[in-house]
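Open the model in a viewer and keep the selection panel at hand. The stops below say what to select and what is found there.

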Number of protein chains: 2
Amino acid sequence: MLKNNTPLTVAIVGFGTVGRSVARILCDGGHPALKLSHVCNRRVAQKQVDWVPSDVVWTDDFERVLSSDVDVVVELIGGVDPATDWIRRALQAGKAVVTANKQVIAHHGADLLAVAVSHDRQLGFEGAVAGGVPVIHGVREGLAGDSLVRVMGILNGTCNYILTRMESDGVSFDSALQEAQELGFAEADPTADVDGFDAQAKLAILSAVGLNRHINTSDIPLRTITTVEAIDFAYAGKLDCTIRQVSRAEVDPAHPDAIFASVQPTLVPRSSSLARVEGSRNVVVVDGRFGGETAFSGFGAGGDPTGVAVVSDLEAIARAGLAGPTAARASEPAEILTAFVGPHYIRFVVADRPGIIASLADVFSRHGVNIDSVFQEPGWSKDELPFVVTLESCESTVVERALEESAAFDFNVRPPLWMPVLQTEDTR
Amino acid sequence: MLKNNTPLTVAIVGFGTVGRSVARILCDGGHPALKLSHVCNRRVAQKQVDWVPSDVVWTDDFERVLSSDVDVVVELIGGVDPATDWIRRALQAGKAVVTANKQVIAHHGADLLAVAVSHDRQLGFEGAVAGGVPVIHGVREGLAGDSLVRVMGILNGTCNYILTRMESDGVSFDSALQEAQELGFAEADPTADVDGFDAQAKLAILSAVGLNRHINTSDIPLRTITTVEAIDFAYAGKLDCTIRQVSRAEVDPAHPDAIFASVQPTLVPRSSSLARVEGSRNVVVVDGRFGGETAFSGFGAGGDPTGVAVVSDLEAIARAGLAGPTAARASEPAEILTAFVGPHYIRFVVADRPGIIASLADVFSRHGVNIDSVFQEPGWSKDELPFVVTLESCESTVVERALEESAAFDFNVRPPLWMPVLQTEDTR
């Protein structure tokens with residue numbers, strides 16, 4: 001496109017926060033290879049702004065975009081329907097497509113990439129994972145020379161805000177959530193964030209791009225962060241750890257057709273890159289066979305960071321052409337492994353009486369699991385006493401069975417909280 | 001290249017640590033679009049290994065590589081001569097070139113890019129800055145949608161190793177240096193690292209790529225880290241800071257034809273991404289007008305991380321073709337600004353007597369500079385007493401003049417140490 005100096009024409013479909021940011025960046029003079037030509041939105045008259053060039057076509061009819069000669073369609077309407085269908089039809093109509101829609105790419109990305117390949121058109125989705133953190137380009141181009149074996153990330157800014165608030169000020173989950181809602185970081189219904197569905201979609205995309213495996217997004221096991229309590233940060237601190245919602249996918253040499261994947265609250269060593277991301281920022285840490293650990297961090301959400309990701313994809317299409325090579329990278333389907341080996345943190349809350357530790361120790365011992373440490377902070381009511389058992393590295397399936405048995409004891413005031421302890425280069 | 005399934009042929013020129021790593025990655029089966037065809041090195045018979053395919057040509061004659069039909073020349077001989085000339089001639093002969101040679105790119109990059117453009121061949125140099133940290137691709141492709149206003153980095157692993165050792169164990173500069181030398185992190189002559197020449201070259205490259213300005217590399221002002229003492233970490237700690245060799249380049253809206261640039265020991269808030277990189281790792285932090293702060297971190301040196309960077313460049317050429325678009329990105333020449341505004345840290349070492357603080361306060365006051373704090377740790381000899389004055393944000397040129405006057409007092413046992421205090425989003 002650049003060669004003959006004709007800019008690519010761009011249609012923005014969905015003129016919300018991100019759409020407006022993309023328009024603003026495109027109209028700012030820094031991108032001569034790109035030209036905004038259409039804005040498409042429901043009730044478009046209410047959306048119209050006066051700071052875009054007067055020749056931009058405003059329409060509420062996607063069919064009009066489709067039948068125009070626009071080069072690239074930027075899909076920013078969100079949701080799975082009709083976005084998936086619109087992206088497919090745009091590719092079939094010979095348009096390149098850029099989207100920031102994580103649900104569409106996580107659940108239908110493999111199909112859409114196949115459509116893109118068969119119609120020889122690019123499909124960019126840098127904005128679908130971790131907003132402004134350029135991890136898709138960073139991994140695909142910057143680490144193309146490596147072979148990645150693990151991708152991990154702090155992929156949900158709301159969870160990270162809540163957990164860092166609980167850590168730094170000892171507030172409860174509910175207070176931290178309410179604060180996040182008041183600041184606009186969390187939705188009125190925070191389920192997608194705190195239960196892990198948002199991170200699940202992003203992890204599925206990262207697995208496809210980084211590990212070259214596509215997995216059934218809904219099969220990635222999730223654990224909520226709602227059961228984490230302020231006391232867990234105190235106990236984690238004794239292990240020189242903090243607690244984060246960690247999304248993790250890892251190849252397993254013993255299972256070439258599968259990858260381990262999970263999204264769950266995790267004890268993370270304070271020295272780890274994952275522990276050092278505060279507030280609503282995101283980080284992605286990848287491990288390569290040759291290059292070791294590389295980390296990318298930045299703003300994971302917000303109109304402007306996501307707008308930058310979208311325009312970066314548009315620039316890639318301007319450089320390489322509508323039929324450029326990125327769409328051609330297909331990933332292999334893979335099963336999901338849920339079992340893993342590592343140390344574990346288990347926090348019980350009990351009505352105190354003699355013999356509790358002995359009963360639990362007996363259960364773990366019968367399952368062949370070694371207790372590494374027991375922590376019990378003073379000053380708690382005997383009716384609702386929290387204490388922690390950490391286990392030496394062992395199979396998660398064994399812990400699961402031992403926990404099932406432990407949970408049956410009537411001294412439990414509520415179910416035990418089980419978190420893996422992340423092992424890093426330094427701690428392994 | 002990929003389209004017709006013929007792999008790109010690759011000549012490795014210079015078969016040292018990085019060259020061997022590149023060969024190993026290329027021969028590992030993960031890069032079907034690339035084929036190692038030549039290895040060129042002085043006294044090549046001594047270098048030959050048995051784990052590359054038997055059809056690879058081993059030669060000690062660069063002319064033979066040049067006259068062959070090889071597609072890409074990987075320059076890894078190091079040094080400015082004859083590397084610069086060889087890269088130029090390879091481009092002129094119609095080869096794409098990949099290099100990890102920071103001195104060549106820092107001092108002759110603009111010329112070589114012009115040769116690359118005029119011969120329509122790509123020139124890749126991801127490995128020339130921060131080894132395995134994919135910052136060139138990350139900035140060029142991943143942040144193509146943003147307009148960067150600042151690049152900062154911890155670009156020299158040796159300095160970072162020394163400073164983190166001084167910080168964590170209170171050892172002297174000399175002990176930390178000796179330790180780094182024993183571990184092979186530092187050269188017998190550490191000048192290029194500790195005085196900043198290595199980081200200077202990398203910063204010049206980052207300015208060209210990130211800020212789109214090329215500057216005269218040797219003009220970037222340097223300050224050595226050899227004058228930093230263990231006590232400075234104690235005083236920095238009181239300001240919730242640590243000390244790092246920070247490389248920094250920043251646009252100045254008032255001077256569109258110039259950029260601020262410097263490499264110097266700097267007080268860095270502990271919460272900053274720059275403070276959190278330990279040992280020999282590197283980090284690059286960029287600020288964009290739209291996307292805010294994005295950080296890239298990883299292993300800054302070493303055969304395998306640098307090898308990954310080289311192979312990532314080779315893959316980019318395989319995707320986009322020998323004449324791909326990356327080479328076309330030219331930067332504008334710019335002057336270097338050395339003056340800056342910010343808070344300052346000044347550590348004096350004096351032979352104690354009454355009235356010293358008063359004399360210094362008088363000097364600063366006459367220059368219109370406000371003292372922010374004075375720190376004096378107990379327990380030091382009166383003959384060689386270190387203490388610190390911090391100054392409120394002011395022009396560096398004013399501090400320079402005040403320091404010249406202060407240094408003339410005969411109570412100084414050695415010259416004062418002056419470091420800027422980095423302001424981050426959080427502290428500004």
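## Stop 1: strand 7 of chain A

Strand 7 of chain A runs antiparallel to strand 11 (residues 281-288) of chain A, and 6 bridges join the two. This is a predicted model. Within this pair, select A:Gly153 and look across to strand 11 of chain A, where A:Val284 stands opposite.

A:Arg150 has A:Glu250 of strand 9 of chain A as its bridge partner.

Is strand 7 of chain A, residues 148-154, enclosed or open to the outside? Of its 7 residues, 5 are buried, so strand 7 of chain A is largely enclosed by the rest of the structure.

## Stop 2: helix 1 of chain A

Select residues 17-26 of chain A, which form helix 1. In helix 1 of chain A 8 of the 10 residues are buried, so this helix is largely enclosed by the rest of the structure. The buried residues are A:Val18, A:Gly19, A:Arg20, A:Ser21, A:Val22, A:Ala23, A:Ile25 and A:Leu26.

What covers the buried residues of helix 1 of chain A? Show strand 1 (8-13), strand 2 (34-40), strand 4 (72-75) and helix 12 of chain A, which are included in that cover.

## Stop 3: the four-stranded sheet of chain A

Move to the open sheet of 4 strands in chain A, with the order 16-17-15-18 and antiparallel pairing. Strand 16 (371-375) and strand 18 (412-420) of chain A are its edge strands, each pairing on one side only. On average, neighbouring strands of this sheet are turned by 15° against each other, direction ignored.

Inside the sheet, select strand 15 (residues 341-350) and strand 17 (residues 385-395) of chain A, an antiparallel pair with 9 bridges.

## Stop 4: chain A as a whole

Chain A contains 14 helices and 18 strands. Its C-alpha atoms fill a box of roughly 80 × 45 × 35 Å along the principal axes.

Colour by burial next: buried residues account for 51% of the 428 residues in chain A. Among contacts in chain A with a separation of 6 or more, 74% are between residues 24 or more positions apart.

## Stop 5: the interface

Bring chain B back. In the contact between the chains, 40 residues of chain A meet 41 residues of chain B. Helix 6 (135-142), strand 12 (292-299) and helix 12 (303-320) of chain A each supply at least two residues of the side of chain A that touches chain B. Helix 12 of chain A gives the most to that side, with 12 residues. By class, the side of chain A that touches chain B has 18 nonpolar, 15 polar and 7 charged residues.

Select strand 12 in both chains. Strand 12 of chain A pairs with strand 12 (residues 292-299) of chain B in the antiparallel sense, over 3 bridges. A:Ala295 has B:Ser297 as its bridge partner there.

How are the two chains related? Chain A superposes on chain B (RMSD 0.0 Å) by a rotation of 180° with 0.1 Å of shift along its axis. That is the relation of a two-fold axis. Of the interface residues of chain A, 100% are also interface residues in chain B, so the copies meet through the same surface.

## Stop 6: strand 10 of chain B

Finish in chain B. Strand 9 (residues 241-251) and strand 10 (residues 258-269) of chain B pair antiparallel over 11 bridges, and a hairpin of 6 residues joins strand 9 of chain B to strand 10 of chain B. B:Ser247 has B:Val263 of strand 10 of chain B as its bridge partner. Strand 10 of chain B also pairs with strand 14 (residues 335-337) of chain B, in the parallel sense and over 3 bridges. In that pair, select B:Phe260 and its bridge partner B:Leu337 in strand 14 of chain B.

Technical notes:
Residues numbered from 1 in each chain as written. Chains lettered and ligands numbered in written order. Predicted model: local features only at pLDDT ≥ 70, side-chain atom pairs only at ≥ 80, totals over all residues. Least-squares fit on C-alpha atoms with pLDDT ≥ 70 in both. Contact = placed C-beta atoms within 7 Å. Pairing = 2+ DSSP bridges. Nonpolar A, V, L, I, M, F, W, Y, C, P; charged D, E, K, R; others polar. Buried ≥ 20, exposed ≤ 12 C-beta atoms within 10 Å, placed from the backbone. Axes fitted to C-alpha atoms, helices over the stretch in contact; angles between N-to-C directions.
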